[in-house]
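Biologist: I have a new model on my screen and would like to talk it through with you. Could we go over it piece by piece?

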Amino acid sequence: MEQKRGLDSFTLHILAMLFMLCDHLWATLFPAQEWLTCIGRLAFPIFAFMIAEGCYYTSNVKKYIQRLFIFALISEIPFNLIMGSSVVYLFHQNVLWTFLLGVLSIQIIEKVKKKQKKILLVFTVCLVILMDYFLGTITMVDYNAAGILTVLLFYFFRKKTWVSFVAQLVGMYYLNVVMLGDLYYPVTIFGHHFEIAQQSFALLALIPIWLYNGKQGYHSKWFKYFCYAFYPVHLF
């Protein structure tokens, strides 16, 4: 049987963890190495994409939500120690809460979708987006509202069509450059001066995402929990 080309889920998880490690090395041990955080910008979109895919493929949504919740709680202590140098830090929550809110939003939409009422579905989608914008802001989860909406972006446009690719590109630009773009690098090319948003490097994550072949690749129970545990353990 011919092997399907592209990147499988296993490879995307490994890439995302490596990118995240680069970003956190910059945030803790090597703050002068800006290239580390530029590479690290690719991590979140890949994870957000895999979370949306996980909602589609999981056989037990409740257990999926439970795992995210448990590891979000576990990750709070190391995350707080890094962000606020304290066990308790209320002004920034770790990224697993972002993903958890994204998954819960998807489940609300999925339940309404089963009723097959388009007007109700459109109303629910608009309400969920507004709710996520509000919750992402007041709870101060990682990447704020833009983070939750990134998960929804990949949920709404998960099919491999040109419409989805364009929507992902435009959506990623808006979420990362317009909503999150607060740090810019001055660049001069052929005498022309302009600025590049640090967060715009996140758009490069679309390359491995578009190369995803829909296959799981290597999978085992230990690797599944390794992926969950990697976040709090490497922060420690």
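Biologist: Let's begin with one side chain: does Glu110 count as buried, partly exposed or exposed?

Modeller: Keep in mind that this is a predicted model. The relative accessibility of Glu110 is 26%. Buried would need a value under 20% and exposed one over 50%, so Glu110 counts as partly exposed.

Biologist: Thanks! Which residue does the side chain of Glu110 meet in a salt bridge?

Modeller: Look along helix α5, where the two partners lie 3 residues apart, about one turn of the helix. The N to O distance is 3.3 Å, and the cut-off for a salt bridge is 4 Å. The partner, partly exposed at 39% relative accessibility, is Lys113.

Biologist: How many salt bridges does the count come to?

Modeller: The pair of Lys113 and Glu110 is one of them. Arg41 and Asp23 meet in another, at 2.7 Å from N to O, and Arg158 forms one with Glu53. The count comes to 3 salt bridges.

Biologist: Let's stay with Arg41 and Asp23. How many residues apart are they?

Modeller: Arg41 is in the loop between α2 and α3, while Asp23 belongs to helix α1. Arg41 is buried at 8% relative accessibility, and Asp23 is buried too, at 10%. The pair links distant parts of the chain, and the separation is 18 residues.

Biologist: Now for the aromatic pairs. Is the pair of Phe69 and Trp97 stacked, tilted or edge-to-face?

Modeller: A search of the whole structure finds 20 aromatic pairs. In this one, the ring centres are 5.8 Å apart and the planes make an angle of 75°. Phe69 lies in helix α4 and Trp97 in helix α5, so the pair ties together parts 28 residues apart in sequence. Because planes over 60 degrees apart count this way, the pair is edge-to-face.

Biologist: What about Tyr225 and Tyr228: stacked, tilted or edge-to-face?

Modeller: Both are in helix α10, 3 residues apart, or about one helical turn. Tyr225 is partly exposed at 34%, while Tyr228 is buried at 13%. Their centres are 6.5 Å apart with 45° between the planes, so the pair is tilted.

Biologist: Last one: which element gives the largest share of the lining of the largest cavity?

Modeller: The largest cavity has a volume of about 30 Å³, and its lining includes Phe44, Tyr143 and Met172. By class, the lining has 6 nonpolar, 3 polar and no charged residues. Elements giving two or more residues are α3, α7 and α8. The largest share, 3 residues, comes from α7.

Terms used
Residues numbered from 1 in each chain as written. Predicted model: local features only at pLDDT ≥ 70, side-chain atom pairs only at ≥ 80, totals over all residues. Heavy atoms only, no water. Phe/Tyr/Trp six-rings, centres within 6.5 Å; stacked < 30°, edge-to-face > 60°. Helix = DSSP H or I, 4+ residues; strand = E, 2+ residues; numbered from the N terminus. Buried < 20%, exposed > 50% of the residue type's maximum accessible area, 1.4 Å probe, protein only. 1 Å grid on protein atoms, 1.4 Å probe; cavity = no way out; pocket = protein on both sides within 12 Å on 5 of 7 lines; lining within 4 Å. Points joined across faces, edges and corners; volume = space filled by probe spheres on them. Nonpolar A, V, L, I, M, F, W, Y, C, P; charged D, E, K, R; others polar.
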